[in-house]
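This report describes the fold and the charged contacts of one protein.

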Amino acid sequence: MEIRFGCMAPPLSRQLRKYAIDKEKMKEFQKDSDAISRLYIRGVICETVKGRAYRMLYRKICAEIKSQE
């Protein structure tokens with residue numbers, strides 16, 4: 001599964017539309033993604049930390065999808 005993150009990526013709700021993820025969970029995932037992007041753009045976190053944070057978010061999303069199966 002491919003998920004694109006970042007301020008120019010489509011919303012997660014559109015990317016993950018084929019999965020049965022709760023709307024509230026989806027909003028939380030989107031907020032997390034937006035927060036990571038904002039911290040990186042503002043210079044609070046470096047690119048390495050941004051990559052790790054997105055990987056963690058990706059794993060959480062995958063775990064949520066697997067729990068729905």
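Which pattern does the protein follow when read along the sequence? The pattern is α-α-α, with three helices and zero strands; helices (H or I, at least four residues) and strands (E, at least two) are DSSP runs, numbered from the N terminus. The model is predicted: local features need pLDDT of at least 70, side-chain atom pairs count only at pLDDT 80 or more, and totals for chains, interfaces and linings use all residues. Residues are numbered from 1 along each chain as its sequence is written, and side-chain values use heavy atoms, with hydrogens and water left out.

The C-alpha trace spans about 40 × 20 × 20 Å along its principal axes. Of the 69 residues, 28% are buried, where buried means under 20% relative accessible area, exposed over 50% and partly exposed in between (1.4 Å probe, protein chains only).

The structure holds three salt bridges, each defined as a side-chain nitrogen of Lys or Arg within 4 Å of a carboxyl oxygen of Asp or Glu.

| Salt bridge | Distance, N to O |
|---|---|
| Lys27 and Glu24 | 3.6 Å |
| Glu64 and Lys25 | 4.0 Å |
| Lys31 and Glu28 | 3.8 Å |

The bridge between Glu64 and Lys25 links helix H3 (residues 47-68) with helix H2, so it ties together parts that are 39 residues apart in sequence. Glu64 is buried at 12% relative accessibility, while Lys25 is partly exposed at 38%.

Within helix H2 (residues 23-41), Lys27 and Glu24 are three residues apart, about one helical turn. Lys31 and Glu28 also lie in helix H2, three residues apart; Lys31 is exposed at 54% and Glu28 is partly exposed at 41%.
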